[in-house]
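Let's take a walk through this one, starting with charged pairs and ending with the packing inside. Have the viewer open as you read.

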Amino acid sequence: MKKEEKTNVMRALNGKKIAYASHTYKPDPTMSGEEIAGILGEEPDKVFKTLVTQGKSGAYYVFVIPVKEELDLKKAAKAAGEKAVSMIKQKELLPLTGYVHGGCSPIGMKKKFPTFIHETASGYDKVFVSAGKVGFQIELAPEDLISIAGCKTADLIVS
């Protein structure tokens, strides 16, 4: 039997004794978050994507929102206490976080950045986020995600 591949995210969760389930799928670079939710057999509202921004001050911020939603940059800036935030360039993601586009997780980044999760996450028993590698997702209780990633909840999406 093939031993399941562990990502840094899974190792971090194991180290904190946080319960999770891992899910894998065959990655396709054209796949949307909503398609991944479909593969997982879950509502897109429970599957979250991780976005990294930079504020006017130069500080970096992480936002975790449902895959089918769009980050409201004004709400994100307000949550972070910044005048404005903007998405970082894709090529900056790996050196900054240790993760590639499509495999970015709020857990286990190279550095700890202020992290915010959309307020709807708390309404679910389980949520899904990237396990830190394209084709890998983890399912865990939102309070565990909030705890390990040091998230604050806020309204972050375009209404």
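A salt bridge here is a side-chain nitrogen of Lys or Arg within 4 Å of a carboxyl oxygen of Asp or Glu. Keep in mind that the model is a predicted one.

## Salt bridges

How many salt bridges does a search of the whole structure find? It turns up four. One of them pairs the side chains of E5 and K133, with N and O at 2.3 Å. E5 sits in the segment before helix 1 (8–15) and K133 in the loop between strand 6 and strand 7, so this pair ties together parts that are 128 residues apart in sequence. As for solvent, E5 is partly exposed at 39% relative accessibility, and K133 is partly exposed too, at 34%.

Next up is D45 with K68, an N to O distance of 3.1 Å. D45 belongs to the loop between helix 2 and strand 2 (48–55), while K68 is in the loop between strand 3 (60–66) and helix 3 (73–80), so the bridge ties together parts 23 residues apart in sequence. D45 has a relative accessible area of 23%, which makes it partly exposed; K68 gets the partly exposed label at 40%. Then there's D155, which forms a salt bridge with K75, their closest N and O atoms being 3.0 Å apart. That pair links distant parts of the chain, with D155 in the segment after strand 8 (151–154) and K75 in helix 3, 80 residues apart. Both ends are partly exposed: D155 at 32% and K75 at 21%.

## A buried glutamate

Now for E139, a residue of strand 7. What is the nearest side chain of opposite charge to E139? That's K126, 6.0 Å away. The cut-off for a salt bridge is 4 Å, so E139 has no salt bridge even though it is buried.

E139 does have a polar partner, though: its side chain and that of H23 are joined by a polar contact of 2.7 Å. Leaving out residues up to four places away in sequence, E139 touches Y20, A21, H23, K126, V127 and F128.

## One side of helix 2

Helix 2 covers residues 33–40, and I36, A37 and L40 in it are buried. Why do they end up on the same side of helix 2? Because they cover an arc of only 105° around the axis.

What do the buried residues of helix 2 pack against? Their partners are strand 1 (21–24), strand 6 (127–130) and strand 7 (136–140).

## Nonpolar cores

The largest nonpolar core has 30 residues, and L13, V52, I107, I138, L140 and L145 touch the most other members. Two or more residues each come from helix 1, strand 2, strand 3, helix 4 (90–97), strand 6, strand 7 and helix 5 (142–149). Apart from this core lies another one of 13 residues, including F63, A77, A154 and I157.

Not counting residues up to four places away in sequence, V52 is in contact with Y61, V62, M87, I88, L93, L96, T97, C104 and M109.

Definitions and conventions: Residues are numbered from 1 along each chain as its sequence is written. This is a predicted model: local features need pLDDT of at least 70, side-chain atom pairs count only at pLDDT 80 or more; totals for chains, interfaces and linings use all residues. Side-chain values use heavy atoms; hydrogens and water are left out. Buried means under 20% relative accessible area, exposed over 50%, partly exposed in between (1.4 Å probe, protein chains only). Helices (H or I, at least four residues) and strands (E, at least two) are DSSP runs, numbered from the N terminus. The arc is that of the directions from the helix axis to the C-beta atoms. Contact means heavy atoms within 4.5 Å. Lys and Arg count as positive and Asp and Glu as negative; His and the chain ends are not counted. A polar contact is a pair of N or O atoms within 3.5 Å; within protein, one must be able to donate a hydrogen and the other to accept it, and residues adjacent in sequence count only if both atoms are side-chain atoms. A nonpolar core is a set of buried Ala, Val, Leu, Ile, Met, Phe, Trp, Tyr and Cys residues joined through side-chain atoms within 4.5 Å.
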